[in-house]
Amino acid sequence: MSGGPAGSDADEVRVGIDELLERVRQGYERVEPREAYAAARAGEALLVDIRYAALRERDGLIPDAVVVERNELEWRLDPQGSHRIPEATGHDLRVVVICNEGYASSLAAASLHQLGLLRATDLVGGFQAWRAAGLPVAS
């Protein structure tokens with residue numbers, strides 16, 4: 001029975017966003033900006049920027065990162081999907097998802113895991129940490 005009194009089964013499965021983030025982050029190892037940069041330069045990882053256009057216009061872009069808005073991420077990166085990007089070559093692809101500050105990207109990486117992209121991860125601190133580390137940013 002849904003909508004029951006407090007303490008019902010439905011209430012026991014509810015979690016807040018902080019707990020949800022903690023849970024999903026336990027399922028993979030997040031990467032720091034310099035590690036992501038080195039992996040991308042070595043051809044070992046695909047950087048995927050999911051920030052919305054206004055943030056990209058305001059703060060700039062990470063050179064060579066693929067821009068895929070969050071609402072299209074799963075469709076673009078699913079190697080079996082009909083709307084995938086050319087870089088979505090297989091389930092073994094190492095993807096580093098980048099949002100503005102490293103929160104939405106964690107949920108996005110977890111969603112990619114559900115599609116079988118088990119090497120998907122996200123950038124600790126997001127774009128802001130990338131920029132603070134002095135890594136390349138293009139206008």
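Me: Which residue in S2 is the bridge partner of Asp-49?
Reply: That's Val-67, in this predicted model.

Me: Okay, and how many bridges join S1 to S2?
Reply: There are 2 bridges. Strand S1 covers residues 46–49, and the two strands run parallel.

Me: What's the strand order in the whole sheet?
Reply: The order is S2-S1-S3-S4, in an open sheet of 4 strands with parallel pairing.

Me: So which strands stand at the edges?
Reply: Those are S2 (66–67) and S4 (121–122). Each has a single partner strand, so one side of each is left without a neighbour in the sheet.

Me: How do strands of a sheet pair, anyway?
Reply: Strands pair through backbone hydrogen bonds, and they can be parallel or antiparallel.

Me: Got it. Which strands does helix H6 touch?
Reply: Helix H6, residues 104–114, packs on the sheet and touches S3 (95–98) and S4. The direction of H6 makes about 145° with that of S3.

Me: Zooming out, how many helices and strands are in the chain?
Reply: The chain has 7 helices and 4 strands. From the N terminus, the elements go α-α-α-β-α-β-α-β-α-β-α.

Me: New topic: how much of the chain counts as buried?
Reply: Of its 139 residues, 42% do. The accessible surface comes to about 8,000 Å², with 49% of that belonging to carbon and sulfur atoms.

Me: And how many positive and negative side chains are there?
Reply: You'll find 15 positive and 22 negative ones, and the centres of the two sets lie 5 Å apart.

Me: Last one: what does the C-alpha trace span?
Reply: Along its principal axes, the trace spans about 55 × 35 × 25 Å.

How values were computed
Residues numbered from 1 in each chain as written. Predicted model: local features only at pLDDT ≥ 70, side-chain atom pairs only at ≥ 80, totals over all residues. Heavy atoms only, no water. Pairing = 2+ DSSP bridges. Contact = heavy atoms within 4.5 Å. Axes fitted to C-alpha atoms, helices over the stretch in contact; angles between N-to-C directions. Buried < 20%, exposed > 50% of the residue type's maximum accessible area, 1.4 Å probe, protein only. Areas by Shrake-Rupley, 256 points an atom, 1.4 Å probe, with all protein chains shown as cover. Lys, Arg positive; Asp, Glu negative; His and termini not counted. Charge placed at Lys NZ, Arg CZ, Asp CG, Glu CD.
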